[in-house]
Amino acid sequence: VLGATVEMPRNKISDDPALGCHLGLHVGAYEYAEGFGARTILVKVDPADVVCVPYDCNHQKMRVCKYTVVGDCEGKRESVVWEASDGIVN
């Protein structure tokens, strides 16, 4: 749901970077995430909510304890960082 915030307790998320797939909310670069399902979404993550960046997959994914859904992903973007003035985040 657009605008929904998804979160889980930080102490329940694996902080071991040697474990690629483990407990936590996963977010990733387009190249990593595009093949995982029928729908890929854009999310906003506060850097303070990043728990771990696993060593596998060329560091293209991370485990976080919280993110906010900002829209559907309609293909690769030029930048993975954008401001509220870009029209994606209200």
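In which strand does K61 lie? The model shown here is predicted, and in it K61 belongs to strand β5, which covers residues 61-64. K61 has a relative accessibility of 2% and therefore counts as buried, since the cut-off for that word is under 20%.

When neighbours within four places in sequence are left aside, K61 is in contact with G20, C21, V27, G28, Y32, V53, P54 and D56.

Y32, one of these contacts of K61, also counts as buried, because its relative accessibility is 16%. Y32 leads on to the aromatic rings. A search of the whole structure finds one aromatic pair. The rings of Y32 and F36 form a tilted pair, because their planes stand at 40° with the centres 5.0 Å apart. F36, with a relative accessible area of 59%, is exposed, whereas Y32 is buried.

The next element is strand β6, residues 66-72. Five of its seven residues are buried, so the rest of the structure largely encloses β6. Strand β1, residues 5-7, pairs with β6 in the antiparallel sense over three bridges. Strand β3, residues 41-44, also pairs with β6 in the antiparallel sense, over four bridges. Which residue of β6 stands opposite T5? That residue is T68, and T68 is also the bridge partner of K44.

Methods: Residues numbered from 1 in each chain as written. Predicted model: local features only at pLDDT ≥ 70, side-chain atom pairs only at ≥ 80, totals over all residues. Heavy atoms only, no water. Phe/Tyr/Trp six-rings, centres within 6.5 Å; stacked < 30°, edge-to-face > 60°. Buried < 20%, exposed > 50% of the residue type's maximum accessible area, 1.4 Å probe, protein only. Helix = DSSP H or I, 4+ residues; strand = E, 2+ residues; numbered from the N terminus. Pairing = 2+ DSSP bridges. Contact = heavy atoms within 4.5 Å.
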